[in-house]
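Me: Can you walk me through this one? I'd like to start with the charged pairs.

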Amino acid sequence: MNQQKKNFRLNHYVPVRTIVVMLIISVMIGFITAGFKDKESVVKDDSITVNHDEHYYADSTESVAAFMQVYKVLMSPRCMNCHPSGDIPLQGDDSHLHTMSPQRGKDGKGVYAMKCANCHQPENTPGLHTPPGNPNWHLPAADMKLVFQGRTPNELAKQLLDPSQNGHKSKEQLVAHASDGLVLGAWNPGEGRSVPPMSYDDFKKAWLTWIEKGAYAPQQ
Amino acid sequence: MITLNVNQKKYEVDVDPNTTLLWVIRDELGLTGTKFGCGVAQCGACTIHLNGEAVRSCVTKVSRAVGQTITTIEGLSKNNNHPLQLAWQEIDAPQCGYCHSGQLMSAAVLLRENPNPTDEDIDSAMAGNICRCGTYLRIRKGIHLAAEMQRKGNTKG
C-alpha cells in the first residue's frame with residue numbers, strides 16, 4: 001500500500017512540475033512575441049498613402065472606429081438613396097424604389113422627360129411629399145455607379161479608396177469631398193425626411209479622421 | 001416685373017419670383033392648356049418645356065424661367081400639327097383629356113431624343129405621367145404612330 005502511494009506520488013509529481021515549467025516558458029514566449037503581432041486585425045489599403053508628417057501617426061484602431069461612424073451616415077437613406085445598387089434611385093426613409101421609376105441614364109441625370117432636374121429644383125420645394133432640391137441633383141454616372149446599397153464596411157471602405165471606383169478621387173479630393181454641396185444637402189433634406197444619424201460636423205470629423213489616420217478598412 | 005419668353009412671345013408679369021410657373025402661365029398669361037393635377041410633381045399634368053426639357057411647372061419657380069425659353073402645350077406646334085398631335089387625333093387618344101397636355105409634352109421630348117422609341121423607351125419616358133382614365137395603351141400607340149409619321153415625313157395635318 002505504501003509502495004503504491006509512493007509510486008502514485010512519483011508518477012504524478014513529475015508531470016505537474018513539467019507542466020508548471022512549460023507554463024512559465026509559454027508565458028515568457030508570449031510576452032516576447034506580442035511585440036511583433038498586429039494590434040488589430042485590419043486591412044490596410046495601399047491606394048491611399050499614409051501621411052507620415054511628424055505631427056501625424058497612423059492609427060489603425062482609430063481609423064477603423066472613425067470609418068464605422070462614416071459608414072452609418074453613408075448607409076443612411078439621405079446618402080444611400082442616391083447610391084443604389086440598381087439604376088433606379090431610392091426614395092424616402094424606408095428607401096423604397098423611387099416612384100415613377102426614373103432611370104439613372106448614361107450620365108446619372110435621368111432620361112427623356114424623366115431627368116432629375118425636371119422635378120428636383122435647385123432648392124427644396126416646400127411642403128410634404130414634394131421633391132427635395134439641389135443645383136446638382138443626380139445619381140452617379142453609369143460607368144462609375146458608386147454603389148453604397150448592400151456594401152459591408154470592408155467593401156465600402158475599399159471602394160471609397162480605389163480611384164477606379166470612387167470617381168477617380170485622390171486622397172486630397174476625398175478629404176475635400178466632405179464639403180461637397182450634395183453631401184451637405186443631406187442635412188437639409190426638406191420636410192418629412194430624417195437627417196443622417198449624426199451631425200454634419202461629427203460626420204466630417206469622422207471622415208477626416210478615417211483618412212488621416214491611415215484610411216484603414218474594417219476587416220468585415 | 002419679370003420678363004418671360006413663352007411660346008416665342010415676350011411677356012411681362014408682376015408676380016413674386018417664388019410663384020410657380022403653373023400659376024403664372026394659367027392665371028397671368030391665360031394659357032390654360034397646362035393643368036394642375038397634384039401640385040407636388042407626382043402626376044405630370046403640369047409638364048411644360050424649359051429650354052426644351054420637360055419640367056413640372058407646379059414646382060418650378062418663375063424665377064428659374066427668367067431668360068429661358070418656355071414652351072407650353074399651346075406652343076408645341078404652330079397649327080396643332082406636331083406629329084404627336086396628329087397621331088393623337090387619328091387614334092382619338094384622350095378620354096377626359098385632362099392629363100394629355102402633360103402626356104404630349106413628355107412624349108415630345110422622347111421623340112426629339114429618340115425618333116424610334118421601343119416600348120421600353122416609352123415606359124422610361126412616360127412613367128411620370130399618370131392617367132386616371134387609363135388611356136395608356138392609346139398613348140403608347142400614339143407615340144409609335146407619331147414616330148412613324150416623323151419617319152415618313154407625313155407631319156402635315
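Reply: Start with Arg104(A) and Asp87(A). Their side chains form a salt bridge, 2.8 Å from N to O. The term here means a side-chain nitrogen of Lys or Arg within 4 Å of a carboxyl oxygen of Asp or Glu. Arg104(A) sits in the loop between β3 (96–97) and β4 of chain A, and Asp87(A) in the loop between α3 (77–80) and β2 (90–91), so the pair ties together parts 17 residues apart in sequence. Helices (H or I, at least four residues) and strands (E, at least two) are DSSP runs, numbered from the N terminus.

Me: Before we go on, what kind of model is this, and how are things numbered?

Reply: The model is predicted: local features need pLDDT of at least 70, side-chain atom pairs count only at pLDDT 80 or more, and totals for chains, interfaces and linings use all residues. Residues are numbered from 1 along each chain as its sequence is written, chains are lettered from A and ligands numbered from 1 in the order in which they are written, and side-chain values use heavy atoms, with hydrogens and water left out.

Me: Back to that pair. Is Arg104(A) buried or exposed?

Reply: Arg104(A) is buried, at 1% relative accessible area. Asp87(A) is partly exposed, at 34%. The cut-offs are under 20% for buried, over 50% for exposed and partly exposed in between, with a 1.4 Å probe and protein chains only.

Me: What does Lys145(A) pair with?

Reply: Asp87(A). The side chains of Lys145(A) and Asp87(A) meet in a salt bridge at 3.0 Å, N to O. Lys145(A) lies in the loop between α4 and α5 (153–161) of chain A and Asp87(A) in the loop between α3 and β2, so this pair ties together parts 58 residues apart in sequence. Lys145(A) is partly exposed, with 29% relative accessibility.

Me: Which residue of chain A does Glu113(B) bridge to?

Reply: Lys115(A). The closest N and O atoms of Glu113(B) and Lys115(A) are 2.6 Å apart. There is a network here too: salt bridges link Lys115(A), Glu53(B), Arg112(B) and Glu113(B).

Me: And what about Glu123(A)?

Reply: Glu123(A) forms a salt bridge with Lys61(B), at 3.7 Å from N to O. Glu123(A) is in the loop between α4 and α5 of chain A and Lys61(B) in the loop between β4 (53–56) and β5 of chain B, so the pair joins two chains. Glu123(A) is partly exposed, at 33%.

Me: How much area do chain A and chain B bury between them?

Reply: About 1700 Å², with 56% of it on carbon and sulfur atoms. Buried area is the accessible area (1.4 Å probe) that two parts lose on being put together, summed over both. Chain A puts 19 residues into the contact and chain B puts in 21. Contact means heavy atoms within 4.5 Å.

Me: Which element of chain A gives the most to that side?

Reply: β5 (114–115) and α4 (116–119) of chain A each supply at least two residues of the side that touches chain B. α4(A) gives the most, with 3 residues.

Me: New topic. How many disulfides over all chains?

Reply: The count is 0, taking a disulfide as a pair of cysteine sulfur atoms within 2.5 Å. For Cys82(A), the nearest cysteine sulfur is that of Cys116(A), 7.8 Å away. For Cys133(B), the nearest is that of Cys96(B), at 3.7 Å. Cys133(B) is partly exposed, with a relative accessible area of 35%.

Me: What does Thr71(B) contact, leaving aside neighbours within four places in sequence?

Reply: Thr71(B) contacts Asn7(B), Ile48(B), His49(B), Leu76(B) and Met105(B). Thr71(B) is in strand β5 (residues 69–71) of chain B, and counts as buried at 18%.
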